Amino acid sequence: QGDQQCSGGGRHCCWRAVWRLSLREVLSLTDQEGELRWREALFFQVGRRRVMDNLKSQSDRGLLPSFRAAVLGGQHEELLCTLDSTGSGENLGVAARCLACIADVLACLAGEGRGGLRSGPAANPAWSHAFSILEQGDLLGGVQALATERAKWLSRPDLLVRAARHYEAAGQVLLRQAVMLSQRFIYIGQGEVPPLGEWQNVECPARLDLSGGWSDTPPIAFEHGGTVVNVAVKVDGRRPIGARARRIKEPRLLLVSSSGVQDDAIAMETVCERLEDLKDHCVPYAPAALLKAVCVCSGLVTYPSRQSLDEQLLQRWGGGVEIHTWSLLPHGSGLGTSSILAGAVLAAVYRCTGRTYDTDSLIHAVLHLEQMLTTGGGWQDQVGGLVGGVKVARSKACLPLRVEVERLPLSDDFLLSLQQHLLLVYTGKTRLARNLLQDTVRRWYSRVPSIVENAGQLVDNAEECARACSLPRLGACLERYWGQKKVMAPGCEPAAVRTMMDALRPLALGQTLAGAGGGGFLYLLTRQPQQGEAVRQVLNNTQGLRDFSVHPVELDMEGISLLKSS
């Protein structure tokens, strides 16, 4: 019928005959507020799903924009529940990042610049129950206990920031557990036990990191993958790090550590006669903490245990053990002292108790020990001092974290030329690494774009460095490396160091502060060989510089060295 009307009266009649609604009538039949609420809920639901998918797939996508949007939209409770659920899975690496993400959400709730500093103490007794559950390996129970406690800390910005600190600390617990999975790569055998009283002496070189440092730091090392090129060196013609150990008749642990050159050396002696004396073995700043951690980590003694210390020592080793360590390098040198020293002590203890090992096992044993000691850090330091020569070391983007080392096949002529062009300069500034590692890990977990990009560039530069067959190419890698260090750890270049590097630039193909920067030793690859005196003159003539010293470098091709027993 409509077709007949249209054919007779034209399109105008057809249009007038059709049933239609005005916009007002249409709007009166809709629930606009409900539609907007549904769309908003869907938006945040999709956002939470993306967060969960990115975390589970260990994507490098930054999540802070999603966190800020959820907080502004009042959707933080749902987001926190999603993070709790995702962090309760079996992957320790993913779980650790989830806890770090919860810390970011809590900081967003507090508001930028409110509530205090993110870095700070995280030892409130109210959180200890949740921490103990995590330490026992109950991931699901620990995450739930953290969430229960978290609900009590949401009312004020200062409480939110303090809660964020505790979540970061909880994440560190899981990160340590993830890294300690590398224990499976430690192979210790049993050999002949040396006679009572016979010293087992070990010496190690220092290390210079030529490229790739920071990429070896967990979690970067197992989430992105790490590559580092470094070289073992003697300083002033000596291996500056060493340890010795022997069995003694008395069932006790006698721990002696010294630092400084012989005439000015400072020695500290610690005697452990009760098992309780080892309770602070995982407190980094406790007296003889490193040596106590070695005693536990090496299996010399078991802590905690129902057996007393003297019972354990007599039953296992027929008496006690005496350990001495030394370092000729200043504190905060940036030359990998603490990790290399840990490797030396482990080797001495293994030898004095008749156990066998290889260097690969030592590298992973140090990684395990430093997690027990809660100092964290990466794997490149012990690689640099335990393996001689110039080498490239890598870890894949997976757990368990395994370090694979390859010595670079460089010609004798190139090695000699490298040695003649390398110089160490002590800046006179003690390296201040306080919160440096924590801040960098936080920015990595947040996937700050500059950090993610820089991590890739660190690895690429290290691979280029491993292929460098000339000093100019190596110098260019050093220059890029120093720029990458400054991206990774802003503030690692003190003003005095900048002045020093500017003054030395005409003499150098490349230069960088050793280690994480901030002070300690600067090393440079000079344009001409044997430039020690020229460097000294330049620095003497530069205003504002003092307390520096210039040191020759000798490549060490042996690495860890086992000296004749005494």
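In what order do the six strands of the open sheet stand? The views below are taken from a predicted model.

**View 1. The six-stranded open sheet.** The strand order is E7-E6-E8-E5-E2-E16, and the pairing is mixed. Strand E7 (266–272) and strand E16 (561–562) form the edges; each has a single partner strand, so one side of each lacks a neighbour in the sheet.

**View 2. Strands E6 and E7 with helix H11.** E7 pairs with strand E6 (residues 253–259) in the antiparallel sense, over seven bridges. Helix H11 (residues 289–297) lies across E6, E7 and strand E8 (320–327), and runs at about 135° to E6.

**View 3. Cysteines without a disulfide.** The structure contains zero disulfides. Cys 98 is in none, as its nearest cysteine sulfur, that of Cys 101, is 6.1 Å away; a disulfide would need the two sulfur atoms within 2.5 Å. Cys 98 is buried, with a relative accessible area of 0%. For Cys 108, the closest cysteine sulfur is also in Cys 101, at 10 Å, which is too far for a bond.

**View 4. Ser 59 in the loop between helices H3 and H4.** Ser 59 lies in the loop that joins helix H3 (32–56) to helix H4 (64–72). Its relative accessibility is 19%, so Ser 59 counts as buried, the cut-off being under 20%. The side chain of Ser 59 reaches the backbone nitrogen of Arg 61 at 3.0 Å. Apart from neighbours within four places in sequence, Ser 59 is in contact with Asn 54, Arg 97 and Arg 447.

Terms used: Residues are numbered from 1 along each chain as its sequence is written. This is a predicted model: local features need pLDDT of at least 70, side-chain atom pairs count only at pLDDT 80 or more; totals for chains, interfaces and linings use all residues. Side-chain values use heavy atoms; hydrogens and water are left out. Buried means under 20% relative accessible area, exposed over 50%, partly exposed in between (1.4 Å probe, protein chains only). Helices (H or I, at least four residues) and strands (E, at least two) are DSSP runs, numbered from the N terminus. A polar contact is a pair of N or O atoms within 3.5 Å; within protein, one must be able to donate a hydrogen and the other to accept it, and residues adjacent in sequence count only if both atoms are side-chain atoms. Contact means heavy atoms within 4.5 Å. Two strands pair if DSSP finds at least two bridges between them. Axes are lines fitted to C-alpha atoms, for helices over the stretch in contact, and angles run from 0 to 180 degrees between N-to-C directions.
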